[in-house]
Amino acid sequence: MDSSRRFRSHRDRSQPEITPIKNTPQAVGFDVDHTLGIDNKLERVAFLRLLDVICGEGGRCLGTLAEESVRIDDLLSRQRSGAFTIDEAVAQFVSERGAKPSGTYTVRYKQMALESVPHFFVPQPDARLVLADLRRRGIPCAILSNGWSPLQQEKARCLAFEGPVLVSDALGAQKPDAAAFHALANALGADPHDVAYVGDNPESDAAAAIAAGMRGIWLDAEGVKYPPDLPKPTAVIHKLAELLALL
Ligand SMILES: [Mg+2]
């Protein structure tokens, strides 16, 4: 057997049967991070670069760079859960390291993060293909993402994404709140029941979309376990291209 036939037969065996969703959704919403692409921890790196600036201006490290990375990841995790804004996260980071918080540090942090997007953000291999196919079919698409707007907008730009991009800080609502998903439906001009939302996070993407009246499609691509106590996703895909067979 030649190698291409061997690859085909393996692929055919491993592919799950995908059947279209009943009452086909009329519009699609996407999460960004770990769904349409990965950003390779660019915000951690921007904070480490800011730390370098702070130390050059009389501030201090709180530990080794490895320890600082753990602290930064924790800070970003709390910020992304909606505990405080990115500006407040920068101010906290700066003051904990002995410098006086100022807008200048916030501007520098954001600038370093934004400038790194084209270098750090890597689209899923099939993201552009999927988006182009949905465009060809005339299915409206939008992004709904937690985060600060210019950063997520820049990631969407790297994907050549043409639809609306809704980001929690500008929206004033954040996943898993239903208000964020209702804003998405509104941006898509569709009833929530006619929207399929695709994301990697079981709780804040799939289950939250279902709770908001949408179809929640879980992208299971990173070995995350779907908590059994959550409502089951409408469908499970293992790569974005599988979405096309569902619609
Ligand atoms: Mg995500």
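Helix α5 passes α7 in a right-handed crossing; a crossing counts as right-handed if the near helix is turned clockwise from the far one by less than a right angle, and as left-handed if anticlockwise. Before going on, note that this is a predicted model, where local features need pLDDT of at least 70 and side-chain atom pairs count only at pLDDT 80 or more, while totals for chains, interfaces and linings use all residues. Residues are numbered from 1 along each chain as its sequence is written. Helices (H or I, at least four residues) and strands (E, at least two) are DSSP runs, numbered from the N terminus.

**Helix pairs**

Two packed helices are described by the angle between their axes and the distance between the axes. Axes here are lines fitted to C-alpha atoms, for helices over the stretch in contact, and angles run from 0 to 180 degrees between N-to-C directions.

| Helix pair | Angle | Axis distance |
|---|---|---|
| α5 (residues 103-120) and α7 | about 15° | 9 Å apart |
| α2 (residues 42-56) and α3 (residues 65-80) | roughly 125° | within 10 Å |

With an angle of about 15° between α5 and α7, α5 is roughly parallel to α7. Angles under 35 degrees count as roughly parallel, over 145 as roughly antiparallel, 65 to 115 as roughly perpendicular and the rest as oblique. On the α5 side, the contact is made by Lys110, Ala113, Leu114, Val117 and Pro118, and on the α7 side by Pro150, Leu151, Glu154, Lys155 and Cys158. Contact means that the C-beta atoms of two residues, placed from the backbone, lie within 7 Å. By class, the residues where α5 meets α7 are seven nonpolar, three charged and no polar. Those classes put Ala, Val, Leu, Ile, Met, Phe, Trp, Tyr, Cys and Pro under nonpolar, Asp, Glu, Lys and Arg under charged, and the others, Gly among them, under polar.

α2 and α3 are oblique to each other, and their crossing is right-handed. Here Glu43, Arg44, Phe47, Leu48 and Leu51 of α2 meet Leu65, Glu68, Ser69, Ile72, Asp73 and Leu76 of α3. That contact has six nonpolar, four charged and one polar residue.

**Two domains**

Across the boundary, 10 residues of domain 1 are in contact with nine residues of domain 2. Helix α7 (residues 149-158) supplies the largest share of the domain 1 side, five residues.

**The sheet**

Six strands form an open sheet with parallel pairing, in the order β5-β4-β1-β6-β7-β8. Strands pair if DSSP finds at least two bridges between them. β5 (165-167) and β8 (235-237) are at the edges with a single partner strand each, so one side of each has no neighbour in the sheet. From one strand to the next, the twist averages 25°. Strand β1 (residues 27-30) pairs with strand β4 (residues 141-145) over three bridges, and Val28 has Cys141 of β4 as its bridge partner. α7 shows up again here: it packs on the sheet, touching β4 and β5, with its direction at about 150° to that of β5. Helix α9 (residues 178-188) lies across β1, β4, β5 and β6 (195-199), and runs at about 160° to β4.

The Lys175 to Pro176 peptide bond is cis, with omega near 15°; Pro176 is in the loop between α8 (168-171) and α9. Asn40 has a positive phi near 50° and is not a glycine; it is found in the loop between β2 (37-38) and α2.
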